[in-house]
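I opened this one up to see how the chains are built and where they meet. Here are my notes, in the order I looked things up.

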Amino acid sequence: MGRRVLLIEDEPNIIEAISYILSKDGWTVHTHSDGETAMEKVMQGVPDLIILDVMLPGRSGYDILRDLKGQDATADVPVMMLTARGQAKDREMAIDLGATRFMTKPFSNAEVLESVRALATP
Amino acid sequence: MPDRILTGTRARNRRLDLGLRQAHVAKVVGISGSYLNLIEHNRRRIGGKLLADLARVLEIDAALLADDTTDAILLPIKEAAAAFPEATVEDARAEELVARFPGWAALVAAQRRRIAQLEERTEALSNRLAHDSQIANSLHEVISTATAIRSTASILAETPDLDREWQARFHTNIDTDSERLAQSSQALLGFLDMEMEAGDTQTESAMEQVEAKMAQSGFYFSGIEAGDTLHFDDVEDPSARAILQDWANSASKDAKRLPLDTFSQAARATAYDPARLASRFDVPLDMIFRRLAHLPHDLDHPLMGLAVCDAAGVVTFQKPVLDFRLPRSGSACPLWPLYQALTQPGRAIRRVVRLPGRAHTPFECFAIATPVGDVSFASEARVTATMLVRPARNEDVPDVVGPGCRVCTVQDCASRRHPSLV
């Protein structure tokens, strides 16, 4: 089994597209689309990398990121934030909260793949 | 005062420009030459009929000859020059411009004021576009759909060996996403149209300024808990300041009746149940709503929003939360429990609602309408409705309420006032 990535995103066709390209690249992709229960999903099996959307139903990606970085089990897991907003303050907030990378939609598949590979490198 | 050109000087300059003799002008307006001389040297103030007569002879608008013209025209002209420092203007001769060519000077001043007004409006609109949650949601929908299409199309284009099942699946995804993109683009246009209409009549409303001020501190002021009197001197708009002061007075009373530590503990113990808290503290339900909505975020309380409206349904205060925000323009959906409470004062209402469309957070809403102020036999009771809003558990089956008719996708709605643009 390849390295595990958890994609937390509520847009089903983005989930399908990213899952496809990452699976093809050898990743085992788990997905989740609800903000409120995202932490429970993470704790069921801590992944090697988390791709986290900012605007999720139930709970914001920033709040989830804060929880991830506040817990020993998940504090060191790299998190790549996805957002439709690319303003500097959004980027700063994500980085301040501990995001490893910040990607603004719409992104290309190549960008996603390149970022995931870079983050997976120890 | 070097910036002040008085009426006399202006009249003298104008007369000389026109090549008129002092004695002639004095005669026409019915005064002596020596009196006109005193006027022209600013040793006599004039107004009324004499000012009007003198202006007529000098072929100039009386308003441009009056003393108060200086500040109204000269200052904007100087501002205009300062706004374009790269332009070479005869700065020292601005007063002369006003005196000799009052009409042209007034035009430059009027244009400067118009530019300043348009700049303010542009900034207000820009702030709205950046901070309005409905526009943000709509834009998010457009960008997310575009992302899905781009990603899926790339896979189709760059994967020649894609098997037929995946190909069919991705083609279907692009088809559904392109339809969604068309719809969400129209919704976005609808929001922008509404914003532009609002921008035609106002810049930043008092409510927006209040929200901005409250948002700066996370809708929480620790001074309230300490019994401090809050001042909002940094808020320029007196209406906004009055709303904030009213809020602070009400919040102080709530804090005295429901001290933070005791209330926080009880809120957690009752799972933030407003009815149980009202019973436990023996206070009105609307006070519990306000207190819950203003609990400090750093104490790990759940997110809660609040809306208050008067008997006419005008939102007088709101704390937005996630997607929840009632429109500023007064065109909110009447299905919000806030408005339903107004029809049955005293009745506590609880409903789980969500906005139409995909992936919107369901909200648990608690609302009640209550009389406010002193009771009197001489006048009608003043009623306000208060609604507490918080994200609901997904297992609740929510009713759908719209963001406003023009951008609401629910077609068969008995409460619809306007056709949808979506």
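This is a predicted model: local features need pLDDT of at least 70, side-chain atom pairs count only at pLDDT 80 or more; totals for chains, interfaces and linings use all residues.

**Entry 1: chain A overall**

I started with burial: buried residues make up 38% of the 122 residues in chain A. Here a residue is buried if 20 or more other C-beta atoms lie within 10 Å of its own, exposed if 12 or fewer, and partly exposed in between, with C-beta atoms placed from the backbone. Residues are numbered from 1 along each chain as its sequence is written, and chains are lettered from A and ligands numbered from 1 in the order in which they are written.

Next I listed the elements and found five helices and five strands in chain A. Helices (H or I, at least four residues) and strands (E, at least two) are DSSP runs, numbered from the N terminus. Along the sequence, chain A reads β-α-β-α-β-α-β-α-β-α.

I also checked contacts, which means two residues whose C-beta atoms, placed from the backbone, lie within 7 Å. Among contacts in chain A between residues at least 6 apart in sequence, 56% join residues at least 24 apart.

**Entry 2: the sheet in chain A**

In which order do the five strands of the open sheet sit? I read β2-β1-β3-β4-β5 in chain A, with parallel pairing. Two strands pair if DSSP finds at least two bridges between them. β2 and β5 (101–104) of chain A stand at the edges with a single partner strand each, so one side of each has no neighbour in the sheet. On average, neighbouring strands of this sheet are turned by 20° against each other, direction ignored.

I then went through two of the pairs. β1 (residues 4–8) and β2 (residues 28–32) of chain A pair in the parallel sense over five bridges, and A:R4 stands opposite A:T28 in β2(A). To get from β1(A) to β2(A), the chain passes through helix α1 (residues 12–24) of chain A, and this β-α-β crossover is right-handed. Right-handed means that, with the strands pointing away from the viewer, the path from the first strand over the helix to the second runs clockwise.

The other pair is β4 (residues 79–83) of chain A with β5(A), parallel over four bridges. A:L82 has A:M103 in β5(A) as its bridge partner.

**Entry 3: helices on the sheet**

I looked at α5 (residues 109–120) of chain A, which lies across β1, β3 (49–53), β4 and β5 of chain A and runs at about 175° to β5(A). For angles, axes are lines fitted to C-alpha atoms, for helices over the stretch in contact, and angles run from 0 to 180 degrees between N-to-C directions.

I picked A:L113, which is in helix α5 of chain A. Is A:L113 buried or partly exposed? It is partly exposed, because 16 other C-beta atoms lie within 10 Å. Leaving aside neighbours within four places in sequence, A:L113 is in contact with A:I21 and A:D25. A:L113 and A:I18 are 95 residues apart in sequence, and their C-alpha atoms are 8.8 Å apart in space.

**Entry 4: helix pairs in chain B**

The axes of α2 (residues 22–29) and α3 (residues 33–40) of chain B come within 8 Å and cross at roughly 105°. α2(B) and α3(B) are therefore roughly perpendicular; angles under 35 degrees count as roughly parallel, over 145 as roughly antiparallel, 65 to 115 as roughly perpendicular and the rest as oblique. The contact is made by B:Q22, B:A23, B:V25 and B:A26 of α2(B) and B:G33, B:Y35, B:L36 and B:N37 of α3(B).

I also looked at B:E40, found in α3(B). B:E40 is buried, with 24 other C-beta atoms within 10 Å. Leaving aside neighbours within four places in sequence, B:E40 is in contact with B:G8, B:A11 and B:R12.

**Entry 5: where the chains meet**

Last, I checked the interface: 19 residues of chain B are in contact with 20 residues of chain A. α9 (133–158) and α10 (164–201) of chain B each supply at least two residues of the side of chain B that touches chain A. The largest share of that side, 12 residues, comes from α9(B).
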